[in-house]
Amino acid sequence: MASYGTLIFLITFLIGMKTAFTAGDSSATTTSYDFTSNQTLATTRLNTRQTPTDRKVVLGKSTVFPTTAGPAVRTTTKASRLTTAVSYNTEDLSEKNEQKPSKEDDEPPKLECPPLGLESLRVKDTQLQASSYKRRGLGPHRGRLNIQSGIEDGDIYDGGWCARHEDKNQWLQVDALVATRFTGVIIQGRNSIWSWNLVETFKVQFSNDSISWKPCMNGTEEAVFEGNQDTETPVLAVFPESTVARYIRINPQTWYKNGSICLRAEVLGCALPDPNNIYQWQAQQEGTQDKLDFRHHNYKEMRKLMKSVQEACPDIMRIYSIGKSYWGLKLYVMEISDNPGKHELGEPEFRYVAGIHGNEVLGRELLLNLMQYICQEYKRGNPRIIHLVKETRIHLLPSMNPDGYEIAYKKGSELSGWALGRFSYEGIDMNHNFADLNTVMWKAIELETDKSKLINHYFPIPEQYTSEEAFVAPETRAVISWMQTIPFVLSANFHGGELVVTYPFDMTRDWAPREHTPTADDSFFRWLATVYASTNHVMSNLDRRPCHYDDFVRHNNIINGANWHTVPGSMNDFSYLHTNCFEVTVELSCDKFPHASELPIEWENNKESLLIYMEQVHRGIKGVIRDKDTEAGIADAIIKVDDIDHHIRSAFDGDYWRLLNPGDYQVTVMAEGYFPATRSCRVEYEHYPTICDFRLTKTPKQRLRDILAKGGKIPKDLQLRLRELRMRKLRATTKTLNQRRIAQQKRARKAHR
C-alpha cells in the first residue's frame, strides 16, 4: 500500500535511482553475488554504495557463480536458471545457536482492551459524529487511525477529521452501539503532504445517551491527556480508571498554533455482555470454527509454531531456509508436499510470500494459519486438501523482512504507525528492490530494428545489480536465488493497508505516476486477480467503504499495478520477466497491523481465497519435453504459444507448465540442437491441466556432435543425411553463384550498348 501518492512516488524514484545499478570506481574490483547460493558472500554496507558510471546488459554471457554450499554451479546469464535439480537443506529449529536480534524478547505494550475498530473499519461511518467539520473530505468518518489522504488536499478523501471552528468546544464522537468498558484512546495528527495539523492536549467525556456527558477524571480533577508532537506517531492515552458507557468523545484543548484542530483516532474498549442478547447475532457472526493459533508471532514464536506444525505432519511438511536477513534472522520456508524435499516430475511448484514490508503483518499470520490448517485437514482426510498436497508442491515464506517485523512488533499493533518496520534494517523497500527488467525490455524494443531478435522472457539480470556493492538487500538476494533454484509456476505476495489484488506490470513504461501497462498474459492475470478478490469475504462486499482514498470496488477489487501507482523493481514484474512464474500482489486489509482479536475473522475472510488461488496452478497446459531417441527430459526448451508474446522454458527434468485460459492454442517447442515441434492443445474449463507432451528429434549436426564427443563411429544413415545436407548446400551455393554470374553478364552487355 503506497503512502501519500505523489510523495511515495518521488521517494521511490530517488531510491530506484540509487538502487538501480551501482558499481565501484574504475580501479576497484567488483565481486559478483552468488544468486545460486542461499548465503551472502559478504556483508552489504550502506556507506559503501556508489553511483554507476555506466549501465549495460550482457546477453548470453556464460558466468560461473561461486557457491558456499557446494561446487560451483554453471549457468548462463541469458537463461539465468539452473539445469540441474538443487534443493535447500532441511532446517532443525531446535538448534540453540540461532542468532537473534538485540532485545528480541521485548514484548509490545499490553492493552487492557482491544480497539473498537476505527482503523479496521469495523466501526461504521454512521457511528462517528463531530461537533463540526470543515468539509466532507475532513468529516468525522475520516478521523480513523492511520487513514491516508488523497494526492491533493481538498478532495473527498482527506487525511483526518478537522473541526470547522477553532475553540475548546469541538469534539469527535464514537458510538460503540453497546455498553463498553473504555480504557483508552490513541490519536494522530492529520495525514497530509501540504498541511501540519495536530492536537497537543485533549480531554475525554462519556455518555450513555449522547445527551448528558461525564468527564474522564484523574482523581478530583478532569483529566487532560498529552497529544501529538508530530502528525504521524500514534500516542496512547490510558484512562486513570476505565469507564462503562456507550458513547465517547475526544475533546481537543490545545493544538498546533499555526494549524487547525485535526486528528485521527482509535478507541480502546471491551464490549460488555448484553443481558437482553439483542446483539448476540453480531458475536456469532465473527470468528471461525477452525482451531488455529490466532495471535501475533515474533521471530521466536514463529519458529516454535512452524516446528510444532512440521512435527505434527512430518510426512508432508519440511522446513528449510533460503538465507538470512541483515540482522541474521533466517528466512524460513514451510514446504508442503506428499514427497517433501523433492521436485516431482509434472508436479507444479507454488509459493506464497508475506512480510515484504515488515509492518504489514496479516499475510504472515495467514500463512502460519494456512500451514496449520492444511496439516489438520490432511490428517482429517479432507479430500480437497489431500488432492492439493498430492498434486502440488507448496512453499510458504511467512516473513521476507523479519527485521522490519521485529521493529514493528515491539511497538504493537496500534502504536507502530503507518511506516515503522516497512523497510529492511538497512532502509531498503524490498518491493522496489528487485532488478528493473522492465526498462531493459522496453529499451531493447526501442533500439532493436529486427523484432525477431528480441527476447520476451528470461531477461538477464544486469551485471551491476549482481555486484556486491549494489544497493540490494540480502533478503532480496536470497529470494532471487530461491526463484532461480525452484521452477515456480504461480505465486502471490501479501501486503497490507488496502483491499485490492494487483497484477503486472507494476511499472509504467515512461515513468508516469500511473498508466495501464498490461503484459502479454493480461487476460490470465486478470483471471488470477479475480479468483482471489471474488472469493474474499471483504473484497466481494459491494457495500464496503474505501480504505483510504481509492475506491477499488468500481474495479471489482482488481487493478493493473501500474494503473494504481508505478513500482519499479517489483517482485511481480521480476518474477514474470526473469522466471516462468506468474505472480500477483494481494493487499489484504485496510489495517496494516490488525489487533490479534481480529485475526480469526481475517482468516475466515481469506481462507477460501488462499485455497482456490493455489488451485489455479493447475490451469492451462503441462507436459514433459523429451528426446525422441533417448526419452531423456530436455531442460531449457522454449515453449511458445501462438499469439502470446511471452515464452516459458522447461525445468531441469524437461517438464513444463504454461498457465492459460480455456481455449485452443498452437504450441511450439524449440530446444538447442533439436528440430522444433508444433501441436494443438485445448484447455478446458475443468480444474486440471491439459497434457501436452513433446518428443523432439535431434538435428544431424547435434547427433554428430554427440557421437564425436563420445568417440563413436558415425552411423550410415547419419552419413547419408550429412552428405545430403552438404549436397543441398552445395547446390544452393552453386545456384546463387550462377545467378550472380548471369546478372553480371547482363550488366556488362548493357554497359557495351
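Select aspartate 290 and lysine 607: their side chains meet in a salt bridge, 2.9 Å from N to O. A salt bridge here is a side-chain nitrogen of Lys or Arg within 4 Å of a carboxyl oxygen of Asp or Glu. The pair links distant parts of the chain, 317 residues apart, with aspartate 290 in the loop between helix H2 (280-285) and helix H3 (299-312) and lysine 607 in helix H13 (residues 599-615). Helices (H or I, at least four residues) and strands (E, at least two) are DSSP runs, numbered from the N terminus.

Aspartate 290 is buried, with a relative accessible area of 14%, and lysine 607 is buried as well, with 17%. Buried means under 20% relative accessible area, exposed over 50%, and partly exposed in between, with a 1.4 Å probe and protein chains only.

The model on display is predicted: local features need pLDDT of at least 70 and side-chain atom pairs count only at pLDDT 80 or more, while totals for chains, interfaces and linings use all residues. Residues are numbered from 1 along each chain as its sequence is written, and side-chain values use heavy atoms, with hydrogens and water left out.

**The whole chain**

Of its 753 residues, 56% count as buried. Among contacts (heavy atoms within 4.5 Å) between residues at least 6 apart in sequence, 78% join residues at least 24 apart.

**Further salt bridges**

The salt bridges number 31 by the rule stated above. Select glutamate 232 and arginine 264, a salt bridge whose closest N and O atoms are 3.2 Å apart. Glutamate 232 lies in the loop between strand E10 (225-226) and strand E11 (235-255) and arginine 264 in strand E12 (residues 262-271), so the pair ties together parts that are 32 residues apart in sequence. Arginine 264 counts as buried, at 0% relative accessibility.

Next, select arginine 318 and glutamate 335, whose side chains meet in a salt bridge of 2.9 Å, N to O. Since arginine 318 is in strand E13 (residues 317-324) and glutamate 335 in strand E14 (residues 330-336), the pair ties together parts that are 17 residues apart in sequence. Both arginine 318 and glutamate 335 are buried.

**A pair of helices**

Select helix H9 (residues 474-485) and helix H12 (residues 571-578), which pack at an angle of about 30° with their axes 11 Å apart. Axes are lines fitted to C-alpha atoms, for helices over the stretch in contact, and angles run from 0 to 180 degrees between N-to-C directions. Val479, Ile480, Met483 and Gln484 of H9 make the contact with Met571, Phe574, Ser575 and His578 of H12.

**Backbone details in loops**

Go to proline 504 and phenylalanine 505, where the peptide bond from the former to the latter is cis, with omega near 0°. Phenylalanine 505 is in the loop between strand E18 (500-503) and helix H10 (522-535).

Asparagine 557 is the next selection: its phi is near 65°, a positive value in a residue other than glycine. Asparagine 557 lies in the loop between H10 and strand E19 (558-560) and is buried, with a relative accessible area of 4%.

Finish at glutamate 631, which has a positive phi of about 65° although it is not a glycine. Glutamate 631 sits in the loop between strand E21 (621-627) and strand E22 (638-641) and is partly exposed, with a relative accessible area of 34%.
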